[in-house]
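Let's take a walk through a protein structure together. Have the sequence and the 3D view ready, and follow along as we go.

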Amino acid sequence: MRRLGRWLLALSMLRRGGGDRREHDDDDRIVSAGDPAPRAELVVVGLLLLAALSAAGFVVVYAFDSFSAQHQLLGITLGLSLAFVAAALILGGKRLIVSEDLEEDYPEPAHPQEEAEVVEIIEESRGGITRKKLLAGAGAAAGGTLGVAALAPALSTGPWFDTDPLYETPWERGRRLVDDRGKPFRAEEIAFDTFYTAFPEGADRGQLGAPLVVVRLVPDAIRLPPDRAGWAPEGILAYSKVCTHAGCAIALYRTPTFSATQPGPALVCPCHYSPFDPGTGGDVKFGPAGRNLPQLPLLIDSAGELRAGGTMSGAVGPSWPGVRLRKGES
Amino acid sequence: MIRQAVHFLDERTGAAPFLRKGLRYLFPDHWSFLLGEVALYSFIVLVATGVYLTLFFEPSLAETHYSGSYEPLQGLAMSEAYKSVIDISFDVKSGLLMRQTHHWAANLFVAAIVVHLMRVFFTGAFRKPRELTWVVGLLMLFTTLLEGYLGYSIIDDLLSGMGLAIGYGVAESLPVIGGYLSLGIWGAPFPGDPAFESRMYIFHVLILPVAIGTMIAIHLGLVASRHHTQFKRAGGKSKLLGSPAFPAQVPRSLGLMFATAALLFLLGGLVQINPIWEWGPYELYLGTNGAQPDWYLGWLIGGLRLVPGFDVTIGEYTLVPNPFWGGALFPLIVLVVLLVWPWAERRVTGERGFSNALDRPRDRPGRTAFGAAFFTWVVLIFFAGSADRIYVFLDLDYVPQLWVYRAAVIILPLVVYFVARRVCLELQRAERIEHDSEEAEAEARAEVATA
């Protein structure tokens, strides 16, 4: 190791000696002369060799899959290699490279002469034109229209002038509620204190209007508006599973374990924590949602299975201007 | 050899005068001037790792079934996009390293920009003649936020789907145009046209990176053309003092570049980030509790959560749906306030001249107090976004917490304004007293000497 060090030192001296052939007077130099720091040079060389070693380690780890923590080792070897280069550069910059403190003036803030000439060039260039305003107007018309024409094809990305699709849901009277495997829900299977996710039978369940949350409440907890009489047969209620605030799925169901001190049951969106009251028709109890959770009237058919008793009580999903103009449609 | 190379280049490009000047461009020495460089180097790591990821990522929502080496997801239906990122994480050698490093780099990129922005704000580096540098930097920051959002949205895991739903909700909430705009961009009601994935992808890997790269070039060009600012020097000298780009700055700056890359790759290798295999593929009807976006979008989650629940309606017409306030207006206010600040401040102070010398924050109590109050406001809203986590970890009830935040975002900034102002003035006063006593001492000593 010592011998290697001496050898490297000798090599660096040799290089320095080579540079001495073109010696300047110190006054002539642009870059001021630095002090030699042979020890620092050795350290820098050492760091660079370590960097090379780590990089080689990276390649080895990459090439052989027998390392149990291959991912971590890849990160460590590559990271260390970069870190050694960084250390070499920073140390080299501090000790081997001359650090100069120089002064200079800030650039002239403005160039009055050139400014004036630019203005003059522009102004003189339109000297031969007599109908300036007319030409400018025609030019603006051409440019503006061409701009609109250039942007028009971008409208192919979607229906830009028709919000009808936003009102659509697959729910209509008689459609069966099925679970994620397509099995119909039977009313007797719906238990208290839990919630179920239901989809419309035979429709795309990936659309915003499809998923429902279904819960069963004791009769005391149900206080639906008068026009929703009969929407909750046997205390079973269905609501859109998509929050009316920002469109996340209502993935939490808060059921009181000790009703005397706790707030009533609530369907809660985990994105911004709007709780909706399933007993009162999806009223917002707190949080940022500005609109009730749309409710789907339910029926229990002769086979004891749940079916939609009509369409949604309102538009499904996050609100948009006009969201209240129509009810949910099928 | 060097002589020949320079001669060759100069004869063919005429670059010698430019090089001569550029090599000796002066950088003032101060650690806080390196923050912007950290952002720049994070961007380089982002581009390098990002290009690698595109070699394996498939921007497609077509359904497929998982069959890779991660057992828990075996046979599960998922999109090609999500599957390809799982494959990058488990079956592409060094893929996970690149992916995690990419994600860490995104976080560091935005963090460095934000801290850099605060340095520039509190030292007044944005003043004439550098207003354009400030404006370009701000636009870059907001482009970066969108870029990061798209980055984790194209993966199609559960969290990215929830994030997109919120983005869709915010787009829909824009007054008058919301419904049209969201349908236009998404192509269909959420989750939208399958081609929406390709739209996000091309923006994430081409359009926005090119935009950011262009803005970086303009930003740096503007910095160089007006030269760096520097802190005031003793003796009131107005000359720029610093060390030249070459040789002094090059190894330092390259060292910082390698150090940044080293940190990011070590993080990428050793610290897990966004383990998408744990979230599972996105389905519209699924949500998870405790979902948090990357930190740099946390302020928007906080904004969305803090606003009380109301839509502004006129009869049956919904004028302003709720997410508009926290998700659109709030960031817009932040952007506009910062954009117009250089001109607003000039109006108040009446300073029209050139300002190459930086202020110490204490010497500008008004600006410092406003900045402290403004950042307090944003940071409080940011923390409001984690109230649910506080509920889980510290068992503080969510609803009272939110009321505290609703009050705090109004009261605390005012308090901070007056406290910060006071602190600045006190610091100034203490300095004056010290200065006076030193002068008196010197006088006394002089008198003793003459006597």
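Predicted model: local features only at pLDDT ≥ 70, side-chain atom pairs only at ≥ 80, totals over all residues.

Start with helix α1 of chain B, which covers residues 2-13. Its 12 residues reach 16 Å from the first C-alpha to the last, close to the 16 Å expected at 1.5 Å a residue. (The expected span is 1.5 Å times one less than the number of residues in the helix; helices are DSSP runs of H or I with at least four residues, strands are runs of E with at least two, and both are numbered from the N terminus.) How many of the 12 residues of α1(B) are buried? The count is zero, so to speak a helix that is hardly covered. Here, buried means under 20% relative accessible area, exposed means over 50%, and partly exposed is in between, using a 1.4 Å probe and protein chains only.

Residues are numbered from 1 along each chain as its sequence is written, chains are lettered from A and ligands numbered from 1 in the order in which they are written, and side-chain values use heavy atoms, leaving out hydrogens and water.

Now look at where the two chains meet. In contact (heavy atoms within 4.5 Å) are 92 residues of chain B and 78 residues of chain A. Together the chains bury about 6,900 Å², with 66% of it on carbon and sulfur atoms; buried area is the accessible area (1.4 Å probe) that two parts lose on being put together, summed over both. B:K93, B:L284 and B:Y285 supply 10% of the area that chain B buries against chain A, more than any other three residues.

There are also five salt bridges across this interface, each a side-chain nitrogen of Lys or Arg within 4 Å of a carboxyl oxygen of Asp or Glu. One of them joins A:R324 and B:D311, at 3.1 Å from N to O.

Finally, hop over to the cysteines. The whole structure has one disulfide, meaning a pair of cysteine sulfur atoms within 2.5 Å. A:C248 and A:C271 form it, with their sulfurs 2.2 Å apart. Why is it left-handed? The torsion about the S-S bond is about -85°, so that is its hand. A:C248 counts as buried at 2% relative accessibility, and A:C271 does at 6%.

Methods
Expected span 1.5 Å × (residues − 1).
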